[in-house]
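Work through the following exercises with the sequence and the model beside you, and try each task before reading its solution.

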Amino acid sequence: MVTRWTTLVFSLAFTCAVAQAQSIQGGIRGLVSDSGGGVVANVKVSITDQGTNLSRSTLTNATGDYVFNGVIPASYTVVAESPGFKKSERKDITVETQAFITVDIKLEVGNVTESVMVTEEVSVIETANASAGQMIDRQKLIDLPNLGRNPFMMSKIAQNVVQVGNPRFNRMQDQSGSSAISLAGGPVRGNNYLLDGIPITDSVNRAVIIPTLEAVQEVKIQANTYDAEMGRTGGGMFNTYLKIGTNSLHGSGFGYMRQTAWLSNNFFNTRAGIKNPDQPFRNYGASIGGPVWIPKVYNGKDKTFFWISGEAYRGTSSTSSEFQLPTPTEISGDFSRSFLNGTSGAVQTIYDPLTANPATSIRTAFPGNIIPGNRIDAVSKNMLKFWPTANNVPVVGNTNLGANNFLGQGKAAST
């Protein structure tokens with residue numbers, strides 16, 4: 001019988017100018033000073049999301065400090081403006097999941113209509129936040145090989161991570177197999193999972209949702225040191241941030257397949273002369289995102305965005321097992337060579353059930369340990385016609401009673 005099994009992961013996200021869960025948000029802070037090193041107060045500092053054009057602004061305090069809390073992970077442009085100084089602009093400031101970035105700004109004396117573009121890179125060493133971890137960004141997620149397309153399996157590139165689960169079971173619905181991970185010496189399957197700041201960990205510490213890679217922006221592996229809000233774990237955290245739409249309409253699509261003819265047969269099937277069963281595998285998915293736009297009704301540019309992603313697979317896998325079948329002579333009723341151990345010695349005695357003495361409950365064995373043909377039920381004889389023949393080459397002919405002498409193979413659902 002041909003069995004096929006399909007799993008579909010579908011993600012739909014609408015993003016507006018609203019706050020999200022704190023555990024994925026980061027921040028930007030810094031000091032604004034003049035060319036002589038003196039602090040500058042009451043400077044207007046703005047940050048603008050380069051993808052959505054959403055912006056926020058604040059003023060520096062009396063000591064020249066500014067801070068933006070609750071910043072959604074994205075790439076930002078930071079602008080500082082103050083009368084008597086040139087406008088300072090700094091692009092491509094990347095805020096990752098739960099990262100606080102320090103961006104100090106130096107203002108040059110001049111007209112506010114003039115501007116200075118700063119290209120200095122921001123230090124990757126985070127000193128403003130106690131929460132540390134290994135960031136697996138979008139580039140790593142899409143470029144590095146990932147059997148099963150499971151974002152949590154990418155944790156293997158982080159430090160002190162040991163994955164002990166069966167590599168066959170790390171696909172989008174394999175919660176048990178893909179959660180068999182130890183972080184920083186913690187217990188296997190002792191971790192917590194967050195999706196956009198929402199806990200998705202069940203009672204046995206598995207992720208109840210494994211998002212498709214097309215929906216994931218980044219995964220931060222946090223162990224040993226993280227904020228108190230990240231508790232409920234004996235190991236570490238998988239802090240996952242999903243993709244959101246931007247002002248640009250963009251997406252992706254993929255598909256791949258693995259045909260049976262490309263696979264080698266397993267050792268036991270080859271030994272028994274059994275062909276590799278048909279077991280194709282096909283994986284496919286797509287994503288698309290951008291501003292919400294309804295013709296003549298609503299234009300969500302700079303306001304409302306969406307991201308849709310989906311992934312599915314269809315496939316089967318082969319399975320084989322050894323069984324204990326009666327030999328052809330045993331099927332005919334002849335148990336004279338059904339030895340209990342090896343190929344000689346004691347045999348499994350077959351007693352005639354019609355000879356039981358009611359007083360002693362003692363029965364008489366069939367002569368020669370052979371059941372007469374007329375004592376075998378007709379229904380049983382007809383059923384035995386469909387009984388498979390022993391095919392396990394190393395033990396065919398072995399008369400040891402109960403020996404594994406049949407290798408059965410078939411298709412199993414890809415679950």
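**Exercise 1: a strand pair and its sheet**

In E17, Met-237 is the bridge partner of Gln-222. The model is predicted, so local features need pLDDT of at least 70 and side-chain atom pairs count only at pLDDT 80 or more, while totals for chains, interfaces and linings use all residues. Residues are numbered from 1 along each chain as its sequence is written, and side-chain values use heavy atoms, with hydrogens and water left out.

Task: find how strands E16 and E17 run and how many bridges join them.

Solution. Begin with the strands, which are DSSP runs of E with at least two residues, numbered from the N terminus, as are helices (H or I, at least four residues). Strand E16 covers residues 216–223 and strand E17 residues 236–242; they run antiparallel, and seven bridges join them. Two strands pair if DSSP finds at least two bridges between them.

**Exercise 2: the setting of Asn-150**

Task: decide whether Asn-150 is buried or exposed.

Solution. First locate Asn-150 in the loop between helix H1 (138–143) and strand E12 (161–163). Its relative accessible area is 0%, and therefore Asn-150 is buried, a word that means under 20%, with exposed over 50% and partly exposed in between (1.4 Å probe, protein chains only). Then list its contacts (heavy atoms within 4.5 Å): leaving aside neighbours within four places in sequence, they include Asn-170, Arg-171 and Leu-213.
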